[in-house]
Amino acid sequence: MRKSHPVRRVVLATAATVSGVVLLLSLKPASDPAAASAAGAAPQQTAAGQRSPQGGTQTGSGTVTGDAAQTQYGAVQVRLTVSGGKITKAEAVQAPKGGLSDQKTQLAVPRLNQEAVAAGTADIDSVSGATYTSEGYKKSLQSALDRMKPASSGTPGAAGSAQARTVTGKAVQTQYGPVQVRITVSGGKITKAEAVQAPKGGLSDQKTQLAVPRLNQEAVAAGTADIDAVSGATYTSTGYRQSLQSALDQAGG
């Protein structure tokens with residue numbers, strides 16, 4: 001019995017050693033750096049694939065809301081959805097409400113939304129019968145477009161648009177109300193002019209509707225504030241030219 005006892009110990013030790021080797025072999029693949037990296041590769045690729053599209057849609061894309069433009073019947077405010085520097089959706093988050101305003105809003109806003117997406121600018125036609133809503137819509141749309149420029153300036157092919165500047169002249173007080181002109185300048189030339197403020201109420205509405213579009217055209221055509229006054233709207237014309245000149249001074253023109 002005493003002779004077999006050491007042998008039994010050897011057998012037990014050998015068995016323990018073999019078991020240890022087997023355990024080490026079974027654990028080795030899990031502790032192998034190559035195997036571990038291979039095992040983790042798939043989840044990392046999936047996570048990267050999820051982040052990449054999100055980063056891509058943020059480049060030149062997003063939602064931009066213009067300033068609320070006050071009209072005689074209520075505020076108008078436009079929100080744009082932009083993708084790749086282009087308008088893909090336009091909507092009025094504020095529009096005149098109550099009484100006839102509800103009907104005019106339902107008539108005008110969908111058409112204005114379509115025009116904004118199609119044109120990609122605020123140079124869109126007013127909807128007949130909803131002049132105030134249309135004008136407010138265009139002003140808010142322009143302010144939203146102005147906010148788009150920094151986001152779109154980094155997109156390919158936007159070098160030309162990055163050079164364009166929008167400048168607003170000083171508000172000039174006239175006998176019938178303030179006149180304020182905003183111009184868009186590109187390459188040292190006026191590409192667009194609009195009155196963000198003009199006399200309102202009574203006969204002033206008619207004179208403004210008559211004079212301002214003509215003055216806008218004259219400003220773009222002439223490229224200076226040396227434009228003719230519109231007959232019957234002398235005060236508005238004078239205020240327009242003064243505000244236009246202050247905008248040109250800011251633009252360096």
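User: To start, how many helices and strands does the chain have?

Analyst: The predicted model has seven helices and eight strands in the chain.

User: And what share of the residues is buried?

Analyst: Of the 253 residues in the chain, 33% are buried.

User: What about contacts between residues at least 24 apart in sequence?

Analyst: They account for 44% of the contacts in the chain between residues at least 6 apart in sequence.

User: Let us turn to α6 and α7. At what angle do they pack?

Analyst: Helix α6, residues 203-222, packs with helix α7, residues 234-251, at an angle of about 35 degrees. Their axes are 11 Å apart.

User: Is that crossing left-handed or right-handed?

Analyst: The crossing of α6 past α7 is right-handed.

User: Which residues make the contact?

Analyst: From α6, the contact is made by L215, N216 and A219. From α7, T236, S237, Y240 and L244 take part.

User: How many of those are nonpolar, polar or charged?

Analyst: Four residues in the contact of α6 with α7 are nonpolar, three are polar, and none is charged.

User: Staying with α6, which of its residues are buried?

Analyst: The buried residues of α6 are S204, D205, T208, A211, V212, L215, N216 and A219.

User: What is the span of α6 from its first C-alpha to its last?

Analyst: Helix α6 has 20 residues and reaches 28 Å from its first C-alpha to its last, close to the 28 Å expected at 1.5 Å a residue.

User: How about α3: how many residues does it have, and which are buried?

Analyst: Helix α3 runs over residues 100-119, which gives 20 residues. Its first and last C-alpha atoms are 28 Å apart, close to the 28 Å expected at 1.5 Å a residue. The buried residues of α3 are S101, T105, A108, V109, L112, N113 and A116.

User: Which residue follows α3?

Analyst: G120 follows α3, with a positive phi near 75 degrees.

User: Changing topic: where does S246 lie, and why does it count as buried?

Analyst: S246 lies in helix α7. It counts as buried because its relative accessible area is 13%, and the cut-off for buried is under 20%.

User: What does its side chain do?

Analyst: A polar atom of the S246 side chain lies 2.7 Å from the backbone oxygen of S243. Leaving aside neighbours within four places in sequence, S246 is in contact with G169 and K170.

User: And S140: buried or exposed?

Analyst: S140 lies in helix α4, residues 131-152. With a relative accessibility of 0%, S140 is buried.

User: Which backbone atom lies 2.8 Å from a polar atom of its side chain?

Analyst: That atom is the backbone nitrogen of V78. Apart from neighbours within four places in sequence, S140 is in contact with G66, D67, A69, V76, Q77 and V78.

User: Last one, G85. Where does it lie, and why is it classed as partly exposed?

Analyst: G85 lies in the loop between β3 (74-83) and β4 (86-94). It is classed as partly exposed because its relative accessibility is 27%, and that class lies between 20% and 50%.

User: What separates the C-alpha atoms of G85 and M148?

Analyst: The C-alpha atoms of G85 and M148 are separated by 7.6 Å, while the two residues are 63 residues apart along the chain.

Terms used:
Residues numbered from 1 in each chain as written. Predicted model: local features only at pLDDT ≥ 70, side-chain atom pairs only at ≥ 80, totals over all residues. Heavy atoms only, no water. Axes fitted to C-alpha atoms, helices over the stretch in contact; angles between N-to-C directions. Helix = DSSP H or I, 4+ residues; strand = E, 2+ residues; numbered from the N terminus. Left-handed = near helix turned anticlockwise from the far one by under 90°. Contact = heavy atoms within 4.5 Å. Nonpolar A, V, L, I, M, F, W, Y, C, P; charged D, E, K, R; others polar. Buried < 20%, exposed > 50% of the residue type's maximum accessible area, 1.4 Å probe, protein only. Polar contact = N/O pair within 3.5 Å; in protein donor to acceptor, adjacent residues only side chain to side chain. Expected span 1.5 Å × (residues − 1).
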